[in-house]
Amino acid sequence: MSDLPTLPVTFRPGRTRVVLLTAGAAIFVVISAVALLLDQLGPGERLSFILTGALIFGVLALLARVKVVADDSGVTVVNIAGRRRLAWAEIVRVNLRSGDPWVFLDLSDGTSLPALGIQPGIAKQRAIEDARTLRALAEARSIQDPEEHRG
């Protein structure tokens, strides 16, 4: 399969990431400016405004950190609040069905893991291409030498 990308490869929702980080920065700046411009606010109230803006930015930054990293030994899925490392042999199927908010990885233990790093929200065609690429990588890696990844 010569059309597979050179590993490691990172999949992430680029446009969504830009929108989230830009919105977070703008919200932080606006809330902080309001806190500093309102004369009737005391220091504690100003600080609470600024901390609220920072909290909103932090939540949006967490949403923007999602990604899927494929390398020679497996896949690392970074979601909003966690990270999970998978060997290629653990991935049975890569799914992105019509209407799905993101890719789901069917695993050898019978569970399914959402991979938020590939999501069709803003860039649907890109997500479809990324899901196909990850599926092809998983199929190629599991066929190469399945015993190599078990342990």
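Select Asp130, which lies in helix α3 (residues 124-144); helices (H or I, at least four residues) and strands (E, at least two) are DSSP runs, numbered from the N terminus. This is a predicted model, in which local features need pLDDT of at least 70, side-chain atom pairs count only at pLDDT 80 or more, and totals for chains, interfaces and linings use all residues. Residues are numbered from 1 along each chain as its sequence is written, and side-chain values use heavy atoms, with hydrogens and water left out.

Asp130 counts as buried, at 9% relative accessibility. Buried means under 20% relative accessible area, exposed over 50%, and partly exposed in between (1.4 Å probe, protein chains only). Show its neighbours: Asp130 touches Phe11 and Ile118, leaving aside residues up to four places away in sequence. Contact here means heavy atoms within 4.5 Å.

Next, select helix α1 (residues 14-37) and helix α2 (residues 43-64). Their axes come within 8 Å and cross at roughly 180°. That makes α1 roughly antiparallel to α2. Axes are lines fitted to C-alpha atoms, for helices over the stretch in contact, and angles run from 0 to 180 degrees between N-to-C directions. Angles under 35 degrees count as roughly parallel, over 145 as roughly antiparallel, 65 to 115 as roughly perpendicular and the rest as oblique. Colour the contact of α1 with α2 by class to find 20 nonpolar, 3 polar and 2 charged residues. Ala, Val, Leu, Ile, Met, Phe, Trp, Tyr, Cys and Pro count as nonpolar, Asp, Glu, Lys and Arg as charged, and the others, Gly among them, as polar.

**The four-stranded sheet**

Move to the open sheet of 4 strands, ordered β1-β2-β3-β4 with antiparallel pairing. Two strands pair if DSSP finds at least two bridges between them. At the edges are β1 (9-11) and β4 (83-87), each pairing on one side only. From one strand to the next, the twist averages 15°. Inside this sheet, pick β2 (residues 67-71) and β3 (residues 74-78), which pair in the antiparallel sense over 5 bridges. Val69 has Thr76 in β3 as its bridge partner.

**The three-stranded sheet**

The next selection is an open sheet of 3 strands, β5-β6-β7 in order, again with antiparallel pairing. β5 and β7 (112-115) stand at the edges with a single partner strand each, so one side of each is left without a neighbour in the sheet. Here the twist averages 25° from one strand to the next.

Take β6 on its own: 4 of its 5 residues are buried. β6 pairs with β5 over 4 bridges, and Ile91 has Leu107 in β6 as its bridge partner. β6 also pairs with β7 over 4 bridges. In β7, Leu113 is the bridge partner of Leu105, and Ala115 is that of Val103. Follow β6 into β7 through their hairpin, where 4 residues lie between the strands and Gly110 in the turn has a positive phi of about 90°.

**Last stop: Asp100**

Select Asp100, found in the loop between β5 (91-95) and β6 (103-107). Is Asp100 buried or exposed? Asp100 is buried, with a relative accessible area of 14%. The side chain of Asp100 reaches the backbone nitrogen of Arg97 at 2.9 Å. Beyond residues up to four places away in sequence, Asp100 touches Asn95 and Pro120.

Technical notes
A polar contact is a pair of N or O atoms within 3.5 Å; within protein, one must be able to donate a hydrogen and the other to accept it, and residues adjacent in sequence count only if both atoms are side-chain atoms.
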